[in-house]
Amino acid sequence: MGVMGHDLLGQALKQQGVDTFFFIMGAPMSSGEKAAINLGIRGIDVRHEQAAAMMAHAYARVANRPGVCMACSGPGTLNFGTGLATALVDGVPVVALGGSSPIGEYGRGAFQEFDQLAAMRPLVKWADRVYEAHRIPEIVNLAFRQALSGKPGPVYLDFPSDILYAEVDEAKVVWPKIPPDGHRSRPAGDPTLVAQALDLLAGAQRPVVISGSGVLWSDASDRLAEWVAHTGMPLYTTPQGRGVVPEDHPGLFPNARSTALREADVVLVVGTRLNYVFGQGQAPRFARDAKLIRIDIDPGEIASTPQVELGIVGDAHTVLGQLIDGAGERVAAARYGAWIERLSAVEEEKAAKFEAQLATDQVPIHPLRLCKEIRDFLPRDAILAVDGQEILNYGRQSIPTYVARHRLNSGTFGTMGVGLPFGLGAKAAKPDAPVLVLHGDGSFGMNGMELDTAVRHKLPVIVVISLNGGWTADPERIKPGRDLGYTRFHDFAEALDCVGEYVERPEDIRPALERAAAAVAQGRTALVNVVTDHDARAQTVRFTRTMT
């Protein structure tokens, strides 16, 4: 009996447990998309393929499973580019599937003929092409394994049209075995190295823990919380790793972050890179004589830190369990009382000053006041996506997260335009969770048409725009191309059948948010357009000499 290649693609995705994918229709992938939809997989068609990749990214982060996106050949597949590069730098398992011109016409000027595989390879951790239709299930399985193996990341699979429309004998198709626990592995750390790490921590006076997305991908939030509770060690996370422990936990001292990192004598780094976000783990961000312990599933990541004292290759969940089992009273909260008192004093002093800044009643509205209103409005289980320049930094400083995988932002690649796609991908992954997207006005313009996607696919979210009239703050008026004007995004939203709100005074922010929430409760997306001070410049760690 014969079976078409595109039907095998739909069946292969179903076998991998895919329940949602993001796409724009177009040949030759339409047949595979239809096959998947016919099998009960939800297809969410978007307004730009870049947004499809970004939605798959957010879906993966929130659901803790690979996100899937599809595109037609040529420019459709190329439009994945920025989204896939963002996933690569952030280490997110996105499976991107692109149609391409037929193998039988290679080199003869077929429609949209282009070496897509060569274009995709720098943007993903693995890329391949299907050359035989009967192998589609096998190679789709390989793509998912590659996305999740070691450090997660995006992959790309190319589907020529003559492969998708080929008919093959079902008897030739080999269906791979899917492991009961999926494609993840949980390697343990070398017991000798774990014991040495415990020795270092037992001798520390001022230890800190740094964690990142690796803790989320390994589903190790509970173990990290247990470690922090037992040891009393202050915890600091990457922006994308927030919520791994609720941010009102007594072991977190967010306003004492710089002090803690600068004065720590032993730093336990779990499941995150030591990139520019943490000053590469070097002075002046850290003490020159600080001892670094790195736990990472990727040995290459550990090797990238030459000053590391001890590197443990392993899964964060497993290695944290090994540390917890061996800690005992040697590595316990009672040992670090003086250090905790020191950070508590810094936290108390700085938090009071910062809270006063948040309460400003100035007009135009200060972005910190906007962030305060959002902070006080959001329920604890809300998913927050933040995108922009000034508002991204202000939001990072002022809005906490309490649930693992419920915080999304532009990531280490600094990609603008992710906010709304991230919010919609998150809503698709967790439809019952409230989702709020906090956008800069410049970044919103990049993918703002995805409001239409929200409406058509019943993905109601709240979008709040910090409308400061352009890109970044510019009090000296010297930045070329900075000004965008004060766009009436609320009118634009209403034209797309969303609820629109316009706010100019701080006391009006909360009522507008409450009306937006009421609209979402009725299944409608709402946009709150808030005029903010164009002179307000966020104070943050300077990552590079070329910051805007």
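This is a predicted model: local features need pLDDT of at least 70, side-chain atom pairs count only at pLDDT 80 or more; totals for chains, interfaces and linings use all residues.
Me: What happens at the start of α14?
Reply: There, a side-chain oxygen of Asp-315 comes to within 3.2 Å of the backbone nitrogen of His-317.

Me: Why is α14 said to be largely enclosed?
Reply: Nine of its 12 residues are buried, so the rest of the structure largely encloses α14. Among those buried residues are His-317, Val-319, Leu-320, Leu-323 and Ile-324.

Me: OK, what covers them?
Reply: The cover over the buried residues of α14 includes the helices α9 (191–202), α10 (213–217) and α11 (221–231), together with the strands β11 (266–270), β12 (291–296) and β13 (310–313).

Me: Now α17, how many of its residues are buried?
Reply: Helix α17 runs over residues 390–398, and seven of its nine residues are buried, so α17 is largely enclosed by the rest of the structure. The buried ones are Glu-390, Ile-391, Leu-392, Asn-393, Tyr-394, Gly-395 and Ser-398.

Me: Which elements cover those?
Reply: Among the elements covering the buried residues of α17 are α15 (337–358) and α16 (367–377), as well as strands such as β14 (383–387) and β17 (462–467).

Me: Changing topic, where is Asp-90, and is it buried or exposed?
Reply: Asp-90 is found in helix α5, which spans residues 81–90, and Asp-90 is buried.

Me: Why does Asp-90 have no salt bridge?
Reply: The nearest side chain of opposite charge, Arg-61, is 4.2 Å away, and because a salt bridge needs the two atoms within 4 Å, Asp-90 has none.

Me: So what does the side chain of Asp-90 make a polar contact with?
Reply: The partner is the side chain of Thr-412, at 3.0 Å. Leaving aside neighbours within four places in sequence, the residues in contact with Asp-90 include His-57, Gln-240, Arg-273 and Phe-413.

Me: Last one, how many disulfides does the structure hold?
Reply: The structure holds zero disulfides. For Cys-69, the nearest cysteine sulfur is that of Cys-72, 12 Å away.

Me: Are Cys-69 and Cys-72 buried or exposed?
Reply: Cys-69 is buried, with a relative accessible area of 0%, and Cys-72 counts as buried too, at 14% relative accessibility.

Conventions:
Residues are numbered from 1 along each chain as its sequence is written. Side-chain values use heavy atoms; hydrogens and water are left out. Helices (H or I, at least four residues) and strands (E, at least two) are DSSP runs, numbered from the N terminus. Buried means under 20% relative accessible area, exposed over 50%, partly exposed in between (1.4 Å probe, protein chains only). Lys and Arg count as positive and Asp and Glu as negative; His and the chain ends are not counted. A polar contact is a pair of N or O atoms within 3.5 Å; within protein, one must be able to donate a hydrogen and the other to accept it, and residues adjacent in sequence count only if both atoms are side-chain atoms. Contact means heavy atoms within 4.5 Å. A disulfide is a pair of cysteine sulfur atoms within 2.5 Å.
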